Amino acid sequence: DRFITDRLRAIDASGIRRVFDLAAQLEDPINLSIGQPDFDVPEPIKKAAADAIDQGFNRYTQTQGIADLRAKLTADLSAEFPETLGQALTSGDASLLITSGVSGGLMLAMMTCVGPGDEVLIPDPYFVMYKHLVTLAGATPVFVDTYPDFQVTPERLAEKVTERTKLVLFNTPSNPTGVMATAEICEAVTQFCAERELLLLSDEIYDVFQYTSDATMPSPVRSSADALLMRGFSKTYGMTGWRLGYVAGPTPIVEQMTKLQQYSFVCAPSMTQLAGTLALDVDMSEHVAAYARKRDRVVEVLSPHFELAVPGGAFYAFPKVPEHLGLTGTQFVEAAVARNLLIIPGNVFSQHDTHFRLSYACDDATLERGLEILVELAKT
Ligand code: PLP
């Protein structure tokens, strides 16, 4: 026990343990709790990784990532954000770092940018890792309530900002709500952070999974090169176990993150980087279209019975437990588990226990059975 630091003791893992406990009760559940795609890595990407191993591409790479992947990402980001990040990458004002998943990037960013005495604004509900990494870095997570529409507005941020605030976490499309920030909000939040000299960290790991008709996904990076942009391969290509992501942002910050990566992760997995370079040219639109259909189905079936902020992306929905039931999120999930349906209580992702998260990254039959049970539960 004396070997465990206060840093680690400060991290409370009870939320996620509750989910494991719930899952352990069920043998073959109707599982709407999964936080990763249900499709496998496309064949050409698998082959590229296998070939890389066979051909001896098994050694450390440069800490910042292999040149081909960096060049490809630079070209793609420059095409997507020509006026901001594209220009900054060209001039050297911005840099790119290949990381061991977005998780790796988040860890590096927190250790690099915040510490004791600093506050980090975390829109609530949030991806659970955020608050733990902020705590690990010695800083203080400050939650910004975004109920009921889950939009991160400057007004909501302003309520929680203090002179100690240093960084704002922004995640669109969101885990756990699936809600996408509008272009206006991205721009307003960017401006808010600029005015107060706050670092904006934009976690866009679900960027490919967006279901609006707009060709361009709203992002803070569209209006500014000052944000730290993080994206990854885990969700887009079903590569969650391959540990590949990247961060692009202001050079002074990315340089320090690179230094820390050199003395911690060293580099992202070599064969994954090589396969990831090829992955960027693989068309995932069929999978995205399949999730768009499932999203529509979730909204269609649940909206008459649940208060639901329409999810514009990712593969989650975050409905509210109907008030007439008089149940907390946790109690509602227990009722679902009693019917062999696995979903996650809202308080795992939030200071509130009024909602639940379902994932529709599953086959149609599973989704239909799950939705049917949810509607029955809402009616009881
Ligand atoms: N950010 C968000 C919002 C996520 O939902 C996840 C995974 O669930 C991650 C980051 C971590 O992804 P990676 O596998 O790239 O570490």
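## Ground rules

Because the model is predicted, local features need pLDDT of at least 70 and side-chain atom pairs pLDDT 80 or more, while totals for chains, interfaces and linings use all residues. Numbering starts from 1 along each chain as its sequence is written.

## The chain as a whole

The protein chain has 14 helices and 12 strands (DSSP runs, H or I of at least four residues and E of at least two, numbered from the N terminus). Its C-alpha trace spans about 60 × 50 × 50 Å along the principal axes.

Of the 380 residues, 46% count as buried (20 or more other C-beta atoms within 10 Å of a residue's own; exposed is 12 or fewer, partly exposed in between; C-beta atoms are placed from the backbone).

## Helix α4

Helix α4 covers residues 67-80 and reaches 20 Å from first C-alpha to last, close to the 20 Å expected (1.5 Å times one less than its number of residues). Its buried residues are Leu69, Arg70, Leu73 and Leu77. They cover an arc of only 95° around the axis, so they sit on the same side of α4 (the arc is that of directions from the helix axis to the C-beta atoms). On the other side, Ala67, Ala71 and Ala79 are exposed.

## Around the ligand

What surrounds the ligand? There are 13 residues (C-beta atom, placed from the backbone, within 6 Å), and the closest are Gly101, Val102, Ser103, Gly232 and Ser234. Helix α6 (residues 101-113) gives the largest share of the shell, 3 residues.
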